[in-house]
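Here's a quick briefing to read with the model open beside you. Take it one topic at a time.

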Amino acid sequence: LAGLEEPTRAAPADVRCEPVVPGSVTGRVDGDLAGFARARGVTVNTVVQTAWALLLGLLTGRDDVVFGATVSGRPPELPGVESMIGLFINTVPVRVRLDPAEPVGDLLARVQDEQSALMDHQYLGLAEVQRAAGIGELFDTLTVFESYPSEEDEPVPGLRVSAGTDTDATHYPLVLVAEPGERVSLELRHREDVFDEKAARTLLGRLTRLLTAMVDAPDRPVGRLDPLGPEERRRILTGWRGSAEGIARVTFPARFAEVAAGSPDAVAVSCEGAGLT
């Protein structure tokens, strides 16, 4: 995390962390994400985390992002770890630097290599990592890749899983939960006092479109991946403003003049210490 200047925030910094029951929206990824990951020599988790990094970069306007990831915390090197009872999970930071010109496949390989190099240190507590980084809280979004036994699994000979559900929550404004399967399932848990259901569905839609685009065109530069749906694109191209009562077409010169008139003393351009309003 050396060189990181500030935390990656998807929500306003002054959001109160009072306990709330999160909302949830769900979706599935079209296409064989597992087959794509195998062909590229990466894990499905890497593909999902890379897509989340791209979405987070778009959401925050940054090309250097950090988010949290939940890891199992059961290193195979620890003797007897398979018989130990207890919650071993840990939350670790994942940092992804984004280059718009880098092909999707190269980005996936780089993210996997960078995270694999850190696996031996996943036992470090998040508070310890944050103290070492020296900038306090590093992120406010979390990714979780879950792989629980299903009804078709037989984890122990003679023992079948008939059904299973889980209910949990975190204090993070956004938590992405991915589950493997014939089609990868996605759940975006969101603090409703920060992101309402409509905003959460918009973000999940963008994420699934990014994942589909990555699978369809792994050689495409990441800067050319389009996360917008037809409706979102229409709103942008037509200069969407206000409520759903109507659409106003606004030219760039008119919008420029409007902003300049509203903030005549605001700095518009700065270079080498000089600024122009």
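**A buried glutamine, a helix and a pocket**

Q112 counts as buried because its relative accessibility is 17%, where buried means under 20% relative accessible area with a 1.4 Å probe, protein chains only. This is a predicted model, where local features need pLDDT of at least 70 and side-chain atom pairs count only at pLDDT 80 or more, while totals for chains, interfaces and linings use all residues. Residues are numbered from 1 along each chain as its sequence is written, and side-chain values use heavy atoms, leaving out hydrogens and water.

**Around Q112**
- You'll find Q112 in helix α3; helices here are DSSP runs (H or I, at least four residues), strands are E runs of at least two, and both are numbered from the N terminus.
- Leaving aside neighbours within four places in sequence, Q112 is in contact (heavy atoms within 4.5 Å) with G41, V42, T43 and T46.

**Helix α5**
- Helix α5 covers residues 197-216, and its 20 residues should span 28 Å at 1.5 Å a residue, which agrees with its end C-alpha atoms being 28 Å apart; the expected span is 1.5 Å times one less than the number of residues.
- Among the buried residues of α5 are A200, L203, L204, L207 and L211.
- The cover over the buried residues of α5 includes β1 (23-28), α1 (33-40) and β6 (185-190).

**Lining of the largest pocket**
- β3 gives the largest share of this lining, 6 residues.

Definitions and conventions:
Buried < 20%, exposed > 50% of the residue type's maximum accessible area, 1.4 Å probe, protein only.
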